[in-house]
Amino acid sequence: MLTTKEYFKVAKERLASVKEAQRENILAAAKMMGDCMENDGVVQLFGLNHGRAFSMELGYRAGGLMPFHQFNVVDLVMRGVIKEDEFQQPDFDDNTEMAHKLWDMYNVMPTDMFILISFAGNEGIMIETALKAKAAGHKIIAVVSQKQAQQAVSRHPSGKKLSDLADLVIDNGADECDALLDVDGTHKMTQIATITGNVIAQMITAETYHYLTSMGKDCPILLSANVKGADEHNRAMSDKYLGRWDS
């Protein structure tokens, strides 16, 4: 029988494994992000499905860094670019045209970079976004489950997967299908990818701060709205990126 204690024990072990295995990649990601921010770039975040949690963990979050912008497929409907029934189509994630519509809604600058988050990294819309970013000269970090990505079949006409296109790949350490604990020798249940993903996001945040401050650079940290003077502090930083972080 599964218990809280069992899940917590295995989740801790998986987090420790990810911390060790991905340490160098996290440091490299922090350097890439710090260099982007120092060059007045914005880190463009695009998480698909459960990968949205990673984007939300970084994008305009108290205690986080300022220069992030989130790609969100729901914006296509909310801004009237497509109809809701188009969004609800079962093959929406593989509609490469949607990647271009999504990109065109936002203000992506040459100094920006991308973090693309997908469990398998094989969806058409994600790969098309990566191809477009790569063609425009943007650096790309991919966050995927390497086990699932290796087994997955590309659903893009090119046959490529996200891990083929990224400058840096970070493995969230999740198993195939993201099920963690064995139930009866045949079935597994409970998930880990969102937990490891969000911890990776925060480790990158901490290392980016360390990278920038170790060079004597300012680090644009957002304050909680509950802190006195936070509105003025945050506005002073966000105004620099108006029309970009909120595009």
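This is a predicted model: local features need pLDDT of at least 70, side-chain atom pairs count only at pLDDT 80 or more; totals for chains, interfaces and linings use all residues.
Residues are numbered from 1 along each chain as its sequence is written. Local features need pLDDT of at least 70, and side-chain values use heavy atoms, with hydrogens and water left out.

Helices (H or I, at least four residues) and strands (E, at least two) are DSSP runs, numbered from the N terminus. Two strands pair if DSSP finds at least two bridges between them. In this model, 5 strands form an open sheet in the order S2-S1-S3-S4-S5, and the pairing is parallel. Strand S2 (68–71) and S5 stand at the edges with a single partner strand each, so one side of each has no neighbour in the sheet. On average, neighbouring strands are turned by 20° against each other, direction ignored; axes are lines fitted to C-alpha atoms, for helices over the stretch in contact, and angles run from 0 to 180 degrees between N-to-C directions.

S4 pairs with strand S3 (residues 113–117) over 4 bridges, in the parallel sense. The bridge partner of Ile 115 is Ile 141, and that of Ile 117 is Val 143. S4 also pairs with strand S5 (residues 168–171) over 4 bridges, where Val 143 has Ile 170 as bridge partner.
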